[in-house]
Amino acid sequence: MLSEEVKKDIFVIVESLGFSVYDIECTTKKITVYIDKPGGVTINDCELASRNISALLDVKDPFVNSYVLEVSSPGINRKLKTVEHFKAALGKKCLIHTHFPVNNSNSFSGILQSVEEDGVVIGNTKIEFDNIKKARIDEI
């Protein structure tokens, strides 16, 4: 896992390049950094960010063994993990899976209607943030 210090350094580097960090996923062998910018991310953007993040990781050396660094856009069907992600997805078709049933269902597909203090409303169903297992935009 990446330390909070390394994650903060990745945010600083990516933002200095004119992008934002949408998410960072990390396993024992792979770091995936999702970057974003208005108008979308190009492959050249990913390459530029990758080179700079790689230089940081060479210095910080956060892993004992070898690892793979992947820099990507979050994609059209991006995962929704934070309140900010849900707010950016307002009005879009989304797919949400819950830990526990709501109205006898664990899966909801529909337009994200609102983001409230404690949850979201998809279609006519309110789902609390604590009950969201996975969520993503479902545009395709």
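Guide: A definition to begin with: Ala, Val, Leu, Ile, Met, Phe, Trp, Tyr, Cys and Pro count as nonpolar, Asp, Glu, Lys and Arg as charged, and the others, Gly among them, as polar. Also, this is a predicted model.

Visitor: OK. How do the residues lining the largest pocket divide by class?
Guide: Six are nonpolar, one is polar and five are charged. Among the lining residues are Phe86, His97, Lys133 and Arg136.

Visitor: What volume does the largest pocket have?
Guide: About 240 Å³.

Visitor: And which element gives the largest share of its lining?
Guide: Strand S8, with five residues. S8 spans 132-137, and strand S4 (93-102) also supplies at least two.

Visitor: What about the second largest pocket, what lines it?
Guide: Its lining includes Tyr22, Arg78, Glu84, His85 and Glu139. Helix H3, residues 83-88, provides the largest share, three residues. The volume is about 170 Å³, and the lining has six nonpolar, two polar and four charged residues.

Visitor: Which side chain does aspartate 36 make a polar contact with?
Guide: That of arginine 78, at 2.8 Å. Arg78 also lines the second largest pocket. Aspartate 36 sits in strand S2, residues 30-36, and also touches Phe19, Tyr22 and Pro74, among others.

Visitor: Is aspartate 36 buried or exposed?
Guide: Buried, because its relative accessibility of 16% is under the 20% cut-off.

Notes:
Residues are numbered from 1 along each chain as its sequence is written. This is a predicted model: local features need pLDDT of at least 70, side-chain atom pairs count only at pLDDT 80 or more; totals for chains, interfaces and linings use all residues. Side-chain values use heavy atoms; hydrogens and water are left out. Helices (H or I, at least four residues) and strands (E, at least two) are DSSP runs, numbered from the N terminus. Buried means under 20% relative accessible area, exposed over 50%, partly exposed in between (1.4 Å probe, protein chains only). A polar contact is a pair of N or O atoms within 3.5 Å; within protein, one must be able to donate a hydrogen and the other to accept it, and residues adjacent in sequence count only if both atoms are side-chain atoms. Contact means heavy atoms within 4.5 Å. On a 1 Å grid over the protein atoms alone, a cavity is a set of points where a 1.4 Å probe fits but cannot get out, and a pocket is an open set with protein on both sides within 12 Å along at least five of seven lines; lining residues have an atom within 4 Å of a point. Grid points are joined across faces, edges and corners, and a volume is the space filled by probe spheres set on the points. Lists of a residue's contacts leave out its neighbours within four places in sequence.
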